[in-house]
Amino acid sequence: MTVEGCGKIIKYAMIIANFIILVCGVAVFSVGVWILADKSYMERLIGSSMYVSSAAILIASGVIVVIISFLGCMGAYKEVKCMLIAFFVILFIIFIIMLVGGILGYVFRDEVDEKMKEEMLESIPLYGNDSTVTETWDRVQQNMKCCGLKTEGVNRPYLIWKRNSLFEGSAQKVPDSCCMSDKTETCRKTPDDENSYANVDCYEKADMFVKDHALIIGGVGVGIACVLILGMVLSCALTMMIRK
């Protein structure tokens, strides 16, 4: 015996809700891939794996949400109780993951500052000796158009490179990645605003980038969690109305 009256309304509302959930799942997956692909190399300077881990969680959650949305649609269309119950349980688990992930995104956004600056300062002497640190700094400086960072006793960002043995007392004052591509020769010996990014602080640039991305992660997580509530409510209501 199939549902009638209000039951039919809930049934089709659930099918529509699952389509929305499907779209949200694709969106979550896309955001995760974008964050992972866009400057994931910064993990070494951030000093925390949470940035990349949160993107991986978004990707996995997005895939699961897309698959589960089909289960919900089939359960509603065929009016199969066991499918609807399974849909509710899995959706509830994803809801908790997305909600916690969203909250962690906001928490991470507020706590990244000092940790990242410490990691950046500690990595300066390792440049040229550690391939991962060297590649990370070069990519950060090239892509963010910055050079070094300010700290106590260092009022111009590029001067921090004096703390690295490669540049201390050497004719070359900064890594090539600090230089504008067509002015590398002059930049190496006398970096200034005309030939380099000597006065642009990489910490300030990276801090702004990470906070903006963490805000996106948090917003997406909490936003999708709210959408999932609708799916859970409708699945419960439809399950109770199915008599067979």
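Two residues are taken to be in contact when heavy atoms of the two lie within 4.5 Å. In the predicted model described here, 72% of the contacts between residues at least 6 apart in sequence join residues at least 24 apart. The protein chain has 244 residues, of which 44% count as buried. Its secondary structure comes to 7 helices and 0 strands, so that the order of elements from the N terminus reads α-α-α-α-α-α-α. The chain exposes about 12100 Å², and 64% of this area is supplied by carbon and sulfur atoms.

A search of the whole structure returned 3 disulfides. One of them links Cys146 and Cys202, with an S to S distance of 2.1 Å. The angle about this S-S bond is 100°, and the link of Cys146 and Cys202 is right-handed. Cys146 is located in the loop between H5 and H6, whereas Cys202 belongs to helix H7 (residues 202–241); the pair therefore ties together parts that are 56 residues apart in sequence. Cys146 and Cys202 are both buried.

Another disulfide is formed by Cys147 and Cys178, again with the sulfur atoms 2.1 Å apart. This link is right-handed, with 85° about the S-S bond.

The disulfide between Cys179 and Cys187 has an S to S distance of 2.1 Å. The link of Cys179 and Cys187 is left-handed, at -75° about the S-S bond. Cys179 and Cys187 are buried as well. With the bonded cysteines of the chain numbered in sequence order, the pairing is 1-6, 2-3, 4-5. Elsewhere in the chain, Cys73 is partly exposed, at a relative accessible area of 21%, and Cys82 counts as exposed, at 54% relative accessibility.

The structure also holds 6 aromatic pairs. In one of these, the ring centres of Tyr127 and Trp161 are 5.0 Å apart and the planes stand at 65°, so the pair is edge-to-face. Tyr127 lies in the loop between helix H4 (81–123) and helix H5 (131–144), and Trp161 in the loop between H5 and helix H6 (184–189); the pair therefore ties together parts that are 34 residues apart in sequence. Tyr127 counts as buried at 8% relative accessibility, as does Trp161 at 0%.

Tyr127 also pairs with Phe167: the ring centres are 6.1 Å apart and the planes are at 40°, so this pair is tilted. Phe167 lies in the loop between H5 and H6 and Tyr127 in the loop between H4 and H5, so the pair ties together parts that are 40 residues apart in sequence. Phe167 is buried, with a relative accessible area of 6%.

Together with Trp137, the residues Tyr127, Trp161 and Phe167 form one aromatic cluster. Trp137 is part of helix H5 and counts as buried, its relative accessibility being 0%. The C-alpha atoms of Trp137 and Ile124 are separated by 8.7 Å, and these residues are 13 apart along the chain. A contact of another kind involves Tyr203, over whose ring the charged end of Lys117 sits, 5.0 Å from the ring centre.

Terms used: Residues numbered from 1 in each chain as written. Predicted model: local features only at pLDDT ≥ 70, side-chain atom pairs only at ≥ 80, totals over all residues. Heavy atoms only, no water. Phe/Tyr/Trp six-rings, centres within 6.5 Å; stacked < 30°, edge-to-face > 60°. Helix = DSSP H or I, 4+ residues; strand = E, 2+ residues; numbered from the N terminus. Buried < 20%, exposed > 50% of the residue type's maximum accessible area, 1.4 Å probe, protein only. Lys NZ or Arg CZ within 6 Å of the ring centre and 35° of its normal. Areas by Shrake-Rupley, 256 points an atom, 1.4 Å probe, with all protein chains shown as cover. Disulfide = S-S within 2.5 Å.
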